[in-house]
Amino acid sequence: MLATVFGLNPEKKRDIPKEGELFKIIQLFGKTFEIRYGFYEERDRHTPYAEPIAIYPDFEKEPLHTDDGTPFVTEMQAPCSCFNGKMDMNSVCGDCSYYRRGDELLGTCACPKNKKDVGRATEPIPSSCLKT
Ligand code: SF4
């Protein structure tokens, strides 16, 4: 009764995405990312109630930069040594002040030290990045 009042339909099943199905095409700084559903790890597939999730590129394994040398990062990427913010064991790039959100969980890293030298002058490296 209440479900009907609030317009909910308990009979209706939620659509579970299929592996390989397109989640979204993201265009960011001249690059196109085709994000599809899947599993990051083979063992995830065998976990009870496992559902395919949107799989983002692994920029730690395969770095990718914008034309001006700015690295792409994902919000959930493990932080690098330049992390700027309050670090704890769960910190990710998305918690870092250098993270620039793009679309969904894709973004870029604004840390001058991480910028790839593409033959242009870059900003001075902040002291927080000059760790030894
Ligand atoms: S400096 Fe860039 S790569 Fe490093 S933690 Fe921050 S956002 Fe991530």
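In the hairpin of S5 and S6, two residues lie between the strands, and Glu 104 there takes a positive phi near 50°. Strand S5 covers residues 99-103 and strand S6 residues 106-109; four bridges join the two, which run antiparallel. Arg 100 has Thr 108 in S6 as its bridge partner. Strands here are DSSP runs of E with at least two residues, helices are runs of H or I with at least four, and both are numbered from the N terminus. Two strands count as paired if DSSP finds at least two bridges between them.

This is a predicted model, in which local features need pLDDT of at least 70 and side-chain atom pairs count only at pLDDT 80 or more, while totals for chains, interfaces and linings use all residues. Residues are numbered from 1 along each chain as its sequence is written.

The protein chain holds two helices and six strands. Read from the N terminus, the order of elements is α-β-β-α-β-β-β-β. Of its 132 residues, 14% count as buried; a residue is buried if 20 or more other C-beta atoms, placed from the backbone, lie within 10 Å of its own, exposed if 12 or fewer, and partly exposed in between.

Three of the strands form an open antiparallel sheet in the order S1-S2-S3. Strand S1 (22-28) and strand S3 (53-55) are the edge strands, each pairing on one side only. From one strand to the next, the twist averages 25°, with angles taken on a scale from 0 to 180 degrees between N-to-C directions of lines fitted to C-alpha atoms, for helices over the stretch in contact. S1 pairs with strand S2 (residues 31-38) in the antiparallel sense over six bridges, and Leu 22 stands opposite Arg 36 in S2.

The loop between S1 and S2 contains Phe 29. Although Phe 29 is not a glycine, it has a positive phi of about 45°. Phe 29 counts as partly exposed because it has 14 C-beta neighbours inside 10 Å.

Another such residue is Tyr 49, in the loop between helix H2 (42-45) and S3, with a positive phi near 65°. Tyr 49 is exposed because 4 other C-beta atoms lie within 10 Å. Ala 50 is also placed in the loop between H2 and S3, and counts as exposed because it has 11 C-beta neighbours inside 10 Å. Leaving aside neighbours within four places in sequence, Ala 50 is in contact (C-beta atoms, placed from the backbone, within 7 Å) with Asp 44 and Arg 45.

The largest nonpolar core has 11 residues, among them Tyr 56, Phe 72, Val 73, Phe 83 and Leu 106. Strand S4 (72-74) and S6 each supply at least two residues of this core. Such a core is a set of buried Ala, Val, Leu, Ile, Met, Phe, Trp, Tyr and Cys residues joined through C-beta atoms within 7 Å. One of the core residues is Tyr 98, which touches Cys 82, Asn 84, Cys 109, Ala 110 and Cys 111, not counting residues up to four places away in sequence.

Tyr 98 is also one of the residues surrounding the ligand, including Val 73, Pro 79, Cys 80, Cys 82 and Asn 114; a residue is near the ligand if its C-beta atom, placed from the backbone, lies within 6 Å of it. By class, this shell has 11 nonpolar, one polar and no charged residues. Ala, Val, Leu, Ile, Met, Phe, Trp, Tyr, Cys and Pro count as nonpolar, Asp, Glu, Lys and Arg as charged, and the others, Gly among them, as polar.

Key
Two residues are in contact if their C-beta atoms, placed from the backbone, lie within 7 Å.
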